[in-house]
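The following exercises concern a single protein model. Please work through each task before reading its solution.

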Amino acid sequence: MRAGLLALLLLAGCAREMPARPALYVLRDADTTIWLLGTVHFLPPGVRWETPAVKRAIADSAMLVGELPGDADASTAFAQASEGRGLPPLAARVPPGDQARLKAAMKDCGGARLDRLKSWAAALVLSACGAAAAGGDPEHGVESVLARRFAGRSRLGLETVAGQFALFDGLGETDQRRLLRASLAAGADYRALLGAWTAGDEARLAALIARSFAGAPTLKATLLDQRNARWSAWIGDRMRKPGKLLIAVGAGHLAGSGSVIARLRAAGFRIERVGG
């Protein structure tokens with residue numbers, strides 16, 4: 001089934017169960033096994049992504065490693081980092097031709113006032129609202145489900161909440177407004193991402209990620225490339241220690257030529273795709 005058609009079916013009929021087969025990878029040696037699963041933060045309730053291979057990885061892993069630690073509270077850090085001063089209203093931060101799209105996106109957010117937010121923060125809020133309006137729910141997202149599956153087991157984060165927001169905060173206003181404009185198409189982008197992810201279509205995921213960063217090298221370096229490099233180095237170091245763990249990060253970090261997977265392979269690790 002084509003990814004786009006699958007996404008439409010998911011969002012039109014999420015009351016019934018819909019199978020998904022997200023890409024799952026594994027690298028192992030004599031005493032270490034690391035699974036890598038790409039995640040989607042918002043999912044419709046009908047998506048059933050825990051394939052037999054994913055279930056085995058969850059059951060066998062002693063630790064879950066995510067982008068953030070298990071006890072992360074993003075709300076306080078976001079409130080502290082997102083407040084902007086001396087910025088024009090949000091409508092003045094997008095081109096005149098995008099005013100209608102901004103109005104529609106604001107409607108998805110229930111008319112919430114975002115003028116006081118920095119441009120990157122408004123972009124994150126609008127993106128979340130767009131995904132929710134398209135049928136996604138963070139309670140059904142992969143991270144939320146995994147948190148429940150790993151209750152009582154060790155949790156670790158590759159980053160901190162404050163560190164993630166600092167990445168956005170360090171962007172120049174031009175790049176922040178790029179994010180803002182991109183968030184106006186969040187619903188359509190979410191549906192495309194969901195379709196590629198549920199189908200386990202690595203090539204399509206990579207193409208979507210490449211398109212989202214086209215013409216924005218600083219954004220790509222800050223939000224994707226540098227983080228992929230840090231995470232792949234961490235995984236390489238972790239392979240020196242015994243144990244079994246599942247690493248779950250945003251699906252875009254595992255697809256494409258500069259992904260965590262590609263970097264680990266370039267470093268000499270043998271990585272297999274399992275299931276799906």
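**Exercise 1.** Is glutamine 226 buried, partly exposed or exposed, and what is its relative accessible area?

Solution. The model is a predicted one, in which local features need pLDDT of at least 70 and side-chain atom pairs count only at pLDDT 80 or more, while totals for chains, interfaces and linings use all residues. Residues are numbered from 1 along each chain as its sequence is written, and side-chain values use heavy atoms, with hydrogens and water left out.

Step 1. Glutamine 226 belongs to helix 11; helices (H or I, at least four residues) and strands (E, at least two) are DSSP runs, numbered from the N terminus.
Step 2. The classes are buried (under 20% relative accessible area), exposed (over 50%) and partly exposed in between, with a 1.4 Å probe and protein chains only.
Step 3. The relative accessible area of glutamine 226 is 42%, so the residue is partly exposed.

**Exercise 2.** Determine the surroundings of arginine 227 and of asparagine 228.

Solution. 
Step 1. Arginine 227 is placed in helix 11, which covers residues 217-238. Its relative accessible area is 8%, and therefore arginine 227 is buried.
Step 2. The side chain of arginine 227 makes a polar contact of 3.4 Å with the side chain of glutamate 67. Such a contact is a pair of N or O atoms within 3.5 Å; within protein, one must be able to donate a hydrogen and the other to accept it, and residues adjacent in sequence count only if both atoms are side-chain atoms.
Step 3. Apart from neighbours within four places in sequence, arginine 227 contacts Glu67, Glu159, Gln164, Leu167, Thr222 and His253, where contact means heavy atoms within 4.5 Å.
Step 4. Asparagine 228 also has its place in helix 11. With 1% relative accessibility, asparagine 228 is counted as buried.
Step 5. Two polar partners can be named for the side chain of asparagine 228: the side chain of histidine 253, at 2.7 Å, and the backbone oxygen of glycine 258, which lies 3.2 Å from a polar atom of that side chain.
Step 6. Not counting residues up to four places away in sequence, asparagine 228 touches His253, Gly258, Ser259, Val260 and Arg263.

**Exercise 3.** At what angle do helix 8 and helix 11 pack, and how far apart are their axes?

Solution. 
Step 1. The packing angle is about 80 degrees and the axes are 10 Å apart. Axes are lines fitted to C-alpha atoms, for helices over the stretch in contact, and angles run from 0 to 180 degrees between N-to-C directions.
Step 2. Helix 8 is therefore roughly perpendicular to helix 11; angles under 35 degrees count as roughly parallel, over 145 as roughly antiparallel, 65 to 115 as roughly perpendicular and the rest as oblique.
Step 3. Helix 8 contributes Asp175, Arg178 and Leu179 to the contact, and helix 11 contributes Thr218, Leu219 and Leu223.
Step 4. By class, these are three nonpolar, one polar and two charged residues. Ala, Val, Leu, Ile, Met, Phe, Trp, Tyr, Cys and Pro count as nonpolar, Asp, Glu, Lys and Arg as charged, and the others, Gly among them, as polar.

**Exercise 4.** Describe how helix 5 packs against helix 8.

Solution. 
Step 1. Helix 5 (residues 119-133) and helix 8 (residues 173-183) meet at an angle of about 15 degrees, and their axes are 8 Å apart.
Step 2. The two helices, helix 5 and helix 8, are therefore roughly parallel to each other.
Step 3. Residues making the contact include Trp120 and Leu126 of helix 5, and Gln176 and Leu180 of helix 8.
Step 4. The contact of helix 5 with helix 8 comprises six nonpolar, four polar and two charged residues.
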